[in-house]
Every structure is written in C-alpha cells, then in structure tokens.
Amino acid sequence: MVLCLFVSIFANMGSMVKAQAAASPAPTVKKVTLYVGYENYSIKIKDLRKGSKVTYTSSNKKIATVTSKGVISPVAAGNATITVSVAQSGKIYKSTIVVTVKKSICIYYQ
C-alpha cells in the first residue's frame, strides 16, 4: 500500500516539472466585421512581450486601412486581410485578421 502511494506521488511530480513553452504572440481575434462610417477596431495582441516590434499591413486599402498602432478603419464595403507581424525574441510571428466591411443602413423617422 505504501509503495503504491509513493509511486503515485512520484509520477505526479514528474508532470509538475515539465516546462511549458512560451506562447506565440497573436491577435485576440481572427476576423472582424465593421460598418462604413462607424467605429474603428483596435487590434489587441496576446502574449506580447515588452520591447517587441509590431507592424500591420492591409491587403486592400480601398476596403480597410490600418494604422501603425493597429487601428483598423472601414473605408468601403468588401473584404480585406490585415497581416500582423511581431518581431519578438529574435523570431518573427505572422498572423492575419479577415476584415469584412459592410455598408451602413440608415433609417430616418419623421
């Protein structure tokens, strides 16, 4: 009985010692829908270390633009892909965000 208990404790200690790999930096979303003339969207990145360099590019600036701070602005209806590049710890991590921009619908009441 004591031997079984010792083996069980020893086996659990082995799983506690395993090192966890550092997570890769990536945007918190993979896709976003925006409307022409309404709010912008600020990209947030998880697991971003201090001192990392982040760049953003839009596949179609006629549909959606993105600033150097990661703010996406809808321009016209359509689809665009924002590429996020993170230089961190000597590696470059790339991710994409699919942006769908829709026309705004306004209803006026009299």
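# Strands, loops and one buried valine

Trainee: Where is the place of Asp47 in the chain?

Mentor: This is a predicted model in which local features need pLDDT of at least 70, side-chain atom pairs count only at pLDDT 80 or more, and totals for chains, interfaces and linings use all residues. Residues are numbered from 1 along each chain as its sequence is written, and side-chain values use heavy atoms, leaving out hydrogens and water. Strands are DSSP runs of E, at least two residues, numbered from the N terminus. Asp47 belongs to the loop between strand S4 (45-46) and strand S5 (53-58).

Trainee: Why does Asp47 count as partly exposed?

Mentor: Buried stands for under 20% relative accessible area, exposed for over 50%, and partly exposed for values in between (1.4 Å probe, protein chains only). Asp47 also has a positive phi, near 60 degrees, although the residue is not a glycine. Asp47 counts as partly exposed because its relative accessibility is 41%.

Trainee: Which residue takes a positive phi in the hairpin of S8 and S9?

Mentor: The hairpin has 2 residues between its strands. The residue in question sits in the loop between S8 and S9, and its relative accessibility of 52% makes it count as exposed. With phi near 55 degrees, a positive value in a residue other than glycine, it is Ser89.

Trainee: How many bridges join strand S8 to S9?

Mentor: Strands of a sheet pair through backbone hydrogen bonds, either parallel or antiparallel; a pair requires at least two DSSP bridges between the strands. Within this pairing, Val84 stands opposite Ser95 in S9, and the bridge partner of Ile82 is Ile97, also in S9. Strand S8 (residues 78-88) and S9 run antiparallel, and the number of bridges joining them is 11.

Trainee: Which residue in S8 does Lys53 stand opposite?

Mentor: S5 runs antiparallel to S8, and 6 bridges join them. In S8, the residue opposite Lys53 is Ala87.

Trainee: In what sense do strand S2 and S9 pair?

Mentor: Leu34 stands opposite Val101 in S9. Strand S2 covers residues 31-35, and its 5 bridges with S9 are in a sense that is parallel.

Trainee: Is Val101 buried or exposed?

Mentor: Val101 has its place in strand S9. Because its relative accessible area is 3%, Val101 is buried.

Trainee: How many Å apart in space are Val101 and Val75, C-alpha to C-alpha?

Mentor: In sequence, Val101 and Val75 are 26 residues apart. In space, their C-alpha to C-alpha distance is 7.7 Å.

Trainee: Which strands stand at the edges of the open sheet of 3 strands?

Mentor: The open sheet has antiparallel pairing and the order S3-S7-S6. Each edge strand has a single partner strand, so one side of each is left without a neighbour in the sheet; the edges are strand S3 (41-42) and strand S6 (64-66).

Trainee: Which residue in S7 does Ala64 stand opposite?

Mentor: S6 and strand S7 (residues 71-74) run antiparallel, joined by 3 bridges. In S7, the residue opposite Ala64 is Pro74.

Trainee: Why does Ile107 count as exposed?

Mentor: Ile107 lies in the segment that comes after strand S9 (91-102). Ile107 counts as exposed because its relative accessibility is 61%.

Methods: Helices (H or I, at least four residues) and strands (E, at least two) are DSSP runs, numbered from the N terminus.
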